Amino acid sequence: MPVQRMSKKQSLTPSIFRMINEELYTNPSQQSASRFKKEPELFEVYHQGYAEQVQQWPVKPFDIISKYLKQLISKKATPVIADVGCGQAKIAKTFGKQLNIQSFDIGRTPGDEDLVTLANMTQIPVQAATFDILIYSLSIMGSDQKSIFTEATRILKMNGQLWVVEISSRVKSTDEFNQQVEQFGFKLKETKDYGFIFVSVFEKVGEKKGKVTELLGPCIYKRR
Ligand SMILES: C[S@@+](CC[C@H](N)C(=O)[O-])C[C@H]1O[C@@H](n2cnc3c(N)ncnc32)[C@H](O)[C@@H]1O
């Protein structure tokens with residue numbers, strides 16, 4: 001049912017959020033990009049539901065990323081940063097005055113047009129080796145994950161960093177996940193388990209080198 005035909009109350013029900021979430025996690029990126037392009041209002045519905053979920057989490061992805069960004073600020077570092085799958089661009093809204101942060105997503109909230117570039121993370125519209133740091137905070141959703149990590153390798157500068165924050169239940173083990181990501185030309189620098197979520201920081205050290213078997217499983221939220 002197109003979202004514009006639903007009442008406001010209906011459109012914000014958790015079941016709609018779960019439906020969009022499931023689609024994002026099980027379809028290839030291009031299909032999700034087309035869905036948000038056709039029905040842009042879905043993006044806001046999704047983010048309403050997502051914000052409600054995050055509120056209940058003991059550790060928030062934004063707080064983990066913020067810690068790393070504050071370290072950069074205190075070191076007076078000036079990296080070019082991409083927040084890919086930025087959602088409502090909280091990172092750029094919070095740190096954009098102190099750091100060079102470019103935000104990308106397949107949808108955006110009205111009012112964020114100047115801040116968020118509409119782009120599929122398998123084809124970010126920049127030249128190779130543009131960024132020093134890439135942030136993927138809960139944004140590796142599409143089923144075409146190999147294309148997502150191949151694009152990460154392309155757009156990062158050599159020795160640039162990839163920061164991945166993800167839900168722990170999406171991986172069999174973080175060690176296995178980290179080893180798989182390394183096959184795309186990365187070296188693990190640091191990984192931290194927060195229980196419910198984990199963060200892994202990789203450095204780009206080369207190009208894709210090995211065969212990848214499995215990355216992340218979907219993250220399907222339970223009915224309440
Ligand atoms: C769970 S939200 C996380 C948002 C934000 N990064 C955070 O940590 O709060 C995932 C975001 O990734 C975006 N996304 C999913 N697939 C994408 C793709 N192929 N390219 C770009 N963004 C994508 C979604 O639109 C959504 O805004």
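In what order do the seven strands of the open sheet run? I note that this is a predicted model. Reading across, I get β3-β2-β1-β4-β5-β7-β6, and the pairing is mixed. I looked for the edges next: they are β3 and β6 (186–193), each of which pairs on one side only.

Next entry: β1 and its neighbours. I found β1 (residues 80–84) running parallel to β2 (residues 100–105), with five bridges joining them. To get from β1 to β2, the chain passes through helix α6 (residues 90–95), and I have this β-α-β crossover down as right-handed. For a residue pair to click on, I took A82, whose bridge partner in β2 is Q102.

Which strand does β1 join through three bridges? That is β4 (residues 131–137), and the two run parallel. Here I picked D83, which has I135 as its bridge partner in β4.

Out towards the β3 edge, I see β2 joined to β3 (residues 116–118) by three bridges, again a parallel pair. D105 is the residue I marked there, standing opposite L118 in β3.

Last entry: helices against strands. Helix α7 (residues 145–155) lies across β1, β4, β5 (156–167) and β7 (197–204). I wrote down its angle to β5 as about 145 degrees. Helix α8 (residues 174–182) lies across β6 and β7, and runs at about 160 degrees to β6.

Technical notes
Residues are numbered from 1 along each chain as its sequence is written. This is a predicted model: local features need pLDDT of at least 70, side-chain atom pairs count only at pLDDT 80 or more; totals for chains, interfaces and linings use all residues. Two strands pair if DSSP finds at least two bridges between them. Helices (H or I, at least four residues) and strands (E, at least two) are DSSP runs, numbered from the N terminus. A crossover is right-handed if, with the strands pointing away from the viewer, the path from the first strand over the helix to the second runs clockwise. Two residues are in contact if their C-beta atoms, placed from the backbone, lie within 7 Å. Axes are lines fitted to C-alpha atoms, for helices over the stretch in contact, and angles run from 0 to 180 degrees between N-to-C directions.
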